[in-house]
Amino acid sequence: MEFFTSASWAEIIQREGARLSRHLAGRAIDLHIRTLPEWQKDALMAAVAATGARSLHELKGTSREHLHVDLP
């Protein structure tokens, strides 16, 4: 297993830039939704879509369940 230091991450981010993650460019967020009832998850996804953003329900049914949102 390889571990990365802050310096090595900084080098990777500088080299890869936006290709590494939309989060790093400020164009995506994750909303942790594991404890929300299904109707609230559905309402949140509808609200995200109404803004023109795109969402993806990730890791459903796990402790890391979240809604990934790509900002417009």
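Is Asp 70 buried or exposed? Asp 70 is buried, at a relative accessible area of 8%. Keep in mind that this is a predicted model. Some notes from going through it follow.

1. **Overall layout.** We have two helices and three strands in the protein chain. Reading from the N terminus, the order is α-β-α-β-β. The chain has 72 residues, and 18% of them count as buried. Its accessible surface is about 5400 Å², with carbon and sulfur atoms taking 58% of that.

2. **The core.** The largest nonpolar core has five residues: Ile 33, Val 48, Ala 53, Leu 67 and Val 69. Val 69 is a handy one to click on. Leaving out residues up to four places away in sequence, Val 69 touches Val 48 and Ala 53, and its other contacts include Arg 27, Ile 29, Leu 31 and Arg 54.

3. **A greasy spot outside.** Phe 4, Trp 9 and Ile 13 form a nonpolar patch on the surface, and together they have about 270 Å² of accessible area. Phe 4 sits in the segment before α1, which covers 6-16. On its own, Phe 4 is partly exposed, with a relative accessible area of 39%.

4. **His 66.** His 66 belongs to strand β3, residues 66-70, and is buried at 7% relative accessible area. Its side chain has a polar contact with the side chain of Glu 58, at 2.6 Å. A polar atom of the His 66 side chain also lies 2.9 Å from the backbone oxygen of Arg 64. Beyond four places in sequence, His 66 touches a run of residues from Asp 30 to Ile 33 and another from Leu 56 to Leu 59.

5. **Salt bridges around Lys 41.** The count of salt bridges comes to three. In one of them, Glu 38 pairs with Lys 41, with the closest N and O atoms 3.3 Å apart. Both sit in helix α2 (residues 38-50), and because they are three residues apart there, about one helical turn separates them. Glu 65 and Lys 41 are both buried.

6. **Back to Asp 70.** Asp 70 forms a salt bridge with Arg 54, and the closest N and O atoms are 2.4 Å apart. Asp 70 is in strand β3 and Arg 54 in strand β2, so the pair links parts 16 residues apart in sequence. Which end is covered and which is open? Asp 70 is buried, with 8% relative accessible area, whereas Arg 54 counts as exposed at 55%. As for shared partners, salt bridges join Glu 38, Lys 41 and Glu 65 into one network.

Definitions and conventions. Residues numbered from 1 in each chain as written. Predicted model: local features only at pLDDT ≥ 70, side-chain atom pairs only at ≥ 80, totals over all residues. Heavy atoms only, no water. Helix = DSSP H or I, 4+ residues; strand = E, 2+ residues; numbered from the N terminus. Buried < 20%, exposed > 50% of the residue type's maximum accessible area, 1.4 Å probe, protein only. Areas by Shrake-Rupley, 256 points an atom, 1.4 Å probe, with all protein chains shown as cover. Core = buried A, V, L, I, M, F, W, Y, C linked by side-chain atoms within 4.5 Å. Contact = heavy atoms within 4.5 Å. Patch = residues over 30% accessible without salt bridge, like charges linked within 9 Å, V, L, I, M, F, W, Y side chains within 5 Å. Salt bridge = Lys/Arg side-chain N within 4 Å of Asp/Glu carboxyl O. Polar contact = N/O pair within 3.5 Å; in protein donor to acceptor, adjacent residues only side chain to side chain.
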